[in-house]
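This report looks at how some parts of a protein chain sit against each other. Have the sequence and the structure at hand while reading.

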Amino acid sequence: MAADSAVNAAARLRDLDLERVDHRFKGLPPDADGLTVGELAAERRNLFTGGFTTPVLALSAERLEHNLALMETYATRHGLAFAPHGKTSMAPQLFHRQIEHGAWGITLAVPHQVRVARAFGIQRIFLANELVDPAALRWLAGELDSDPDFRFICYVDSVRAVELMDAALAEAGATRPVDLVVELGAGDGARTGVRTEAECFDIANAVAAADTLRLVGFAGYEGEVPNASPEAVGAWLRRLTALVVEFDKANRFADLDEIVVSAGGSAWFDTVAEVFAELPELSAPVLKLLRSGAYISHDDGHYKHLTPFNRVPEEGALHPAFRLWAQVVSRPTAEQAFTNAGKRDAAYDLDLPEAQVVRDARTGEVREATGVTVTGLSDQHGWVRTEGGEDLAVGDWLGMGLSHPCTSFDKWQLIPLVEADGTVVDYVRTYF
């Protein structure tokens, strides 16, 4: 069954190359209409001279590979399993690249994302959310029943959720139980999750009484810890691991081959590694599952400042892999310019784009964007301020760094994968 799934996944990935290039995909060369994605990739066009139109988002091939390898090394060094959060990219090609670089599986957040992953043969999925939708649970029951090699784990944080899941799965005639981890909330005022240890036992009792469900461990998201600091995050993580130890002592995991403990966004995975390393030997091996997702492209804003590699530089450094290219379309004054990339094209929910380089339209030379600042975004325009006599001309291309990988990916359906010299070697398809 696993071999069949691998064959089917490879076939689905190959099918991405058969999709026709047309008006649906921003930034691609108009003269490529009618080519397949694979045919266009084989032409190895240059991003700047190959007919691409602005705005166009580029993903660095070299930096992507660096980030994949770095997190693989980090997880291995610290004895962590890795299920990167797929909501960041929603790109099956990247899911499989992550698995090729040692990932245990893929983390997701909602049923649609799980269906995308399953359509492309992902065999291990961690749903960092609760699943109480009857239609989605019926579909999940069918997936589990039809593929004995499919592993699925999801959150639960209430007895009511247990009741809803059990009822829907029983009605669907599920023959394999759904594996659950109790989600520990990160504190008062935080997001989802159980607030007290006593509630954890109530949920565990409810799960034990349901034939359609199985308790396999505990999880949560340390990024929601109020006033987060290494000390505060560490204290919360030790609450999480203490629950795992306590439940194991109470024989709650007696029938398991593996106990699951999971945490780890993109801001505190160093603290997760430290605390998970403190876990004592339990009655079964422990799957210490890290879920960081933003690392794959990293960024030039939010995660540039938050990444744990700033605290542990000896472990390496992630490289920002996205660059949004826009064209200067108006230069009304010496201090003001406008590009043709706006809110529809650039992530802006956390920070504005960062002007980095200018490609001269007349000479093709690339220079630092000294004195150039993006000050605002309209729907289809970028507001740019120039200082210090920067010779920014209509027609020039402005290369910008972005903040927040998730929002960057979800604005583009087909993203050129570009080598350092501008050669486009592939295209990454997203499914948001």
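Predicted model: local features only at pLDDT ≥ 70, side-chain atom pairs only at ≥ 80, totals over all residues.

The crossing of helix 9 past helix 10 is right-handed.

Which residues make the contact between helix 9 and helix 10? Helix 9 contributes Pro230, Val233, Gly234, Leu237, Arg238, Leu240 and Thr241. From helix 10 come Thr271, Val272, Glu274, Val275 and Phe276.

## Aromatic pairs

A pair of aromatic rings is described by the distance of the centres and the angle of the planes. The structure holds 15 aromatic pairs. One of them is formed by Phe82 and Tyr295, with 5.3 Å centre to centre and 50 degrees between the planes, and this pair is tilted. Phe82 belongs to strand 2 (residues 81–82), while Tyr295 is in the loop between strand 9 (286–290) and helix 11 (302–306). The pair therefore ties together parts that lie 213 residues apart in sequence. Phe82 and Tyr295 are both buried.

Phe338 and Trp383 form another pair, with ring centres 4.8 Å apart and planes at 70 degrees. Planes over 60 degrees apart count as edge-to-face, so this pair is edge-to-face. Phe338 is in strand 11 (residues 336–339) and Trp383 in strand 15 (residues 382–386), so the pair links distant parts of the chain, 45 residues apart. Are the two residues buried or partly exposed? Phe338 has a relative accessible area of 16% and is buried, whereas Trp383, at 37% relative accessibility, is partly exposed.

Ring pairs also join Phe201, Phe218, Phe247 and Phe253 into a cluster.

## Charges over rings

Arginine side chains also meet aromatic rings. The charged end of Arg118 sits over the ring of Phe150, 3.8 Å from the ring centre. Arg429 lies over the face of Tyr431, and here the distance to the ring centre is 4.9 Å.

How is Ser297 classed, buried or exposed? Its relative accessibility is 0%, so Ser297 counts as buried.

Apart from neighbours within four places in sequence, Ser297 is in contact with Leu59, Asn67, His319, Pro320, Ala321, Phe322, Pro405 and Phe409.

Note on methods:
Residues numbered from 1 in each chain as written. Heavy atoms only, no water. Phe/Tyr/Trp six-rings, centres within 6.5 Å; stacked < 30°, edge-to-face > 60°. Helix = DSSP H or I, 4+ residues; strand = E, 2+ residues; numbered from the N terminus. Buried < 20%, exposed > 50% of the residue type's maximum accessible area, 1.4 Å probe, protein only. Lys NZ or Arg CZ within 6 Å of the ring centre and 35° of its normal. Left-handed = near helix turned anticlockwise from the far one by under 90°. Contact = heavy atoms within 4.5 Å.
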